[in-house]
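Please keep the sequence and coordinates at hand while reading.

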Amino acid sequence: MFPNGMFPNGSGAGDPESIAHIIQVALAPAFLLSALATLLNVFSTRLGRVADKVDALSAGLSGADEEARATLQLRLAYLRRRSLLLDGAVVLASLGGVMTGAAVLTLFVGALRDASAASVLFACFGLALGCTILAILAFLAEILLAGRGVRLEVERKQDRAG
């Protein structure tokens, strides 16, 4: 049937059962991608909350006395560390998603070697995986920019207050 139980050989590559088996094997990582997407959603929500807190704290810096300003500076530094940790979490989760998509795409490309009858199906699914990988990378870039913006805002507010 399948060498190593995963890839079709050249003679059975176009038969529907072989195609169905490859799709079943490829769909297993969908659960991991779903979990990673949920984590990325949580991370971006938390980064938004950090940004809101930075705005609220920095608004109080200008009229604060020396003791209150020192406390606000400490809290802003704490929020900066949180945004850095969130950036790291986003990078790791995004890389996990990209690598999962790349693994599934590798499965399909490997199966496509000798499967001319199934090329359209594989091309469509392969393009879907490629788009998913690119979307995760675009999200990663955006969230890193947002985190950098939060840190720049903290620095700007601290410079103005200090």
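In which helix is Thr100 found? Thr100 is in helix H3. The model is a predicted one.

The relative accessible area of Thr100 is 10%. Buried means under 20%, so Thr100 counts as buried. A polar atom of the Thr100 side chain lies 2.8 Å from the backbone oxygen of Gly96.

Apart from neighbours within four places in sequence, Thr100 is in contact with Pro29, Leu32, Leu33 and Leu36.

## Salt bridges

How many salt bridges does the structure hold? There are two. Side chains of opposite charge can pair when their charged atoms come close.

Glu155 belongs to helix H4 (residues 119-161) and Arg80 to helix H3 (residues 66-112). The two residues are 75 residues apart, and the pair links distant parts of the chain. Glu155 has 32% relative accessibility and counts as partly exposed. Arg80 is also partly exposed, at a relative accessible area of 30%.

Asp87 and Arg151 form a salt bridge as well, and their closest N and O atoms are 2.7 Å apart. Because Asp87 lies in helix H3 and Arg151 in helix H4, this pair ties together parts that are 64 residues apart in sequence. Are Asp87 and Arg151 buried or exposed? Both Asp87 and Arg151 are buried.

## Nonpolar core

The largest nonpolar core has 19 residues. Those with the most contacts inside this core are Phe43, Val50, Val54, Leu76 and Val90. Which elements give two or more residues to this core? They are helix H2 (29-61), H3 and H4. The most comes from H2, which gives eight residues.

Val50, one of the residues with the most contacts inside the core, can be looked at in more detail. Not counting residues up to four places away in sequence, Val50 touches Leu79, Arg82, Ser83, Leu86 and Val150.

Helices H3 and H4 are joined by the Glu155 and Arg80 pair and by the Asp87 and Arg151 pair.

Definitions and conventions
Residues numbered from 1 in each chain as written. Predicted model: local features only at pLDDT ≥ 70, side-chain atom pairs only at ≥ 80, totals over all residues. Heavy atoms only, no water. Salt bridge = Lys/Arg side-chain N within 4 Å of Asp/Glu carboxyl O. Helix = DSSP H or I, 4+ residues; strand = E, 2+ residues; numbered from the N terminus. Buried < 20%, exposed > 50% of the residue type's maximum accessible area, 1.4 Å probe, protein only. Polar contact = N/O pair within 3.5 Å; in protein donor to acceptor, adjacent residues only side chain to side chain. Contact = heavy atoms within 4.5 Å. Core = buried A, V, L, I, M, F, W, Y, C linked by side-chain atoms within 4.5 Å.
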